[in-house]
Amino acid sequence: MALLSIAAAFGSKFAETLSFASDLPEVSSDSVETLLSVMASSMLAIATFSVASMVSAYASASSAATPRSFSLVVRDDVSQNALSTFIGSFIFSIVALSAVTNDFFEPAGLFCLFVLTITVFGIVIITFVRWVDRIARLGRLGETVDKVEAATKAALARRRINPTLGCQVCTTDNPEGIALASPRVAYVQHIDMEKLQSWAQQHDATISVHTLPGTFMSPERPLAYVKFDSGNPALKNQDELLKCFKLDDDRVFDDDPRFGLIVLSEIAGKALSPAVNDPGTAIDVVGTLVRLFGEWSKPLASDEETEVAFDRIAVPTLSVRDMFDDAFTSLARDGARTVELAVRLQKALNALADVNNGVMRDAANHHGNLALQRAEKALDIEHDIALVRSAAHWLPTHNCERQAH
């Protein structure tokens with residue numbers, strides 16, 4: 001935007017070289033100078049105000065939801081584009097004002113600059129109105145939950161279509177080959193499968209990756225195992241292999257669907273804390289989790305099925321039980337004393353158990369039983385316990401115990 005604003009300010013000079021330049025209306029330099037002065041004095045103040053508002057929204061998102069959601073809030077394109085527009089308009093007005101006051105333009109160039117100034121005013125007004133609407137919601141808890149849901153849904157959709165990241169399925173817990181150790185304590189953020197495949201083809205090897213994005217690594221834990229097709233030579237040039245694994249101190253949403261589930265669970269847990277006491281937000285998060293798992297459980301369409309692109313690499317699939325642990329363990333623990341959340345959680349798990357997916361049904365049954373046990377120990381009033389038990393009628397073990405009783 002800064003470069004565009006400078007180019008626009010000086011680009012008006014080229015209007016003087018046009019064949020119809022003499023036919024353009026004449027504009028007073030004082031009027032153009034006045035407009036540019038107004039823009040120059042106001043745009044810097046608006047840009048400063050926008051930065052303060054954005055910082056306030058970021059702080060609100062971290063305090064009201066969870067600090068892990070900050071990366072999604074700061075990614076907001078509308079606010080970033082608005083700030084760029086305001087700063088670009090300020091630079092345009094300063095550069096153009098300097099040129100006008102030094103008689104840089106002839107009448108044709110001055111008219112072109114006047115039209116550009118009016119256009120910039122219109123862009124600023126439209127951008128400001130859009131940005132005010134966005135900043136009023138940016139950082140609010142509901143907006144943050146929606147952003148986390150969207151990021152998690154996108155990550156789950158990519159992994160649902162490509163469960164092994166385009167590789168073979170890793171089916172063994174005791175892999176053969178030479179261990180590739182992690183260089184430091186960090187999280188795996190991304191794995192470049194194309195580079196791994198290229199390396200494996202060049203060295204006539206197969207690679208068994210045992211660390212999906214989101215895995216916490218230490219130097220004692222291998223990133224992968226390398227097995228050479230001919231013999232068992234020493235693993236050389238490890239740095240080239242390590243470059244295929246992007247490691248950093250934090251988890252990210254893009255390639256790590258479980259991280260999104262954890263962040264949603266954290267938001268619900270914070271809402272259930274005594275300082276906040278907002279079970280409604282936790283109930284809303286439960287509904288969000290049901291939507292996400294419902295999307296995950298949908299069977300693949302014929303046009304969504306992917307072929308193995310990296311045949312020399314084996315990667316494990318995501319565990320549904322692990323995803324349920326990420327989503328529902330803290331919810332059931334922190335919400336055990338809240339009867340309305342305990343009831344809603346049973347209904348949500350019941351809905352997931354009804355999905356035509358045996359693995360998901362087993363995970364839902366497991367967490368339904370755990371949630372019921374936690375609620376029975378945490379609740380004091382028999383009426384509340386009866387409500388939760390009634391909502392848990394769908395559990396097979398609960399039905400058997402009730403019939404025996």
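Predicted model: local features only at pLDDT ≥ 70, side-chain atom pairs only at ≥ 80, totals over all residues.
Local features were taken at pLDDT of at least 70 and side-chain atom pairs only at pLDDT 80 or more, whereas totals for chains, interfaces and linings use all residues. Residues are numbered from 1 along each chain as its sequence is written, and side-chain values use heavy atoms, with hydrogens and water left out.

Gln-189 lies in strand E3 (residues 186–191); strands are DSSP runs of at least two residues (E) and helices of at least four (H or I), numbered from the N terminus. Gln-189 is classed as buried because its relative accessibility is 7%, the limit being under 20% relative accessible area (1.4 Å probe, protein chains only). The side chain of Gln-189 comes to 2.6 Å from the backbone oxygen of Asp-250. Leaving aside residues up to four places away in sequence, Gln-189 touches Pro-213, Lys-246, Asp-248, Asp-250, Val-252 and Asp-255, where contact means heavy atoms within 4.5 Å.

Rings of Phe, Tyr and Trp (its six-membered ring) were paired if their centres lie within 6.5 Å; planes under 30 degrees apart count as stacked, over 60 as edge-to-face and the rest as tilted. This rule gives 11 aromatic pairs. Phe-86 and Trp-131 form an edge-to-face pair, at 6.1 Å centre to centre and 90° between the planes. The pair links helix H4 (residues 77–101), which holds Phe-86, to helix H5 (residues 107–135), which holds Trp-131, across 45 residues. Both Phe-86 and Trp-131 are buried. Trp-199 and Phe-228 form a tilted pair, with 6.2 Å between centres and 55° between planes. Here Trp-199 belongs to helix H7 (residues 193–202) and Phe-228 to strand E6 (residues 222–228), 29 residues apart. Trp-199 and Phe-228 are buried. Ring pairs also join Phe-49, Phe-86, Phe-128 and Trp-131 into a cluster.

Terms used. Buried < 20%, exposed > 50% of the residue type's maximum accessible area, 1.4 Å probe, protein only. Polar contact = N/O pair within 3.5 Å; in protein donor to acceptor, adjacent residues only side chain to side chain.
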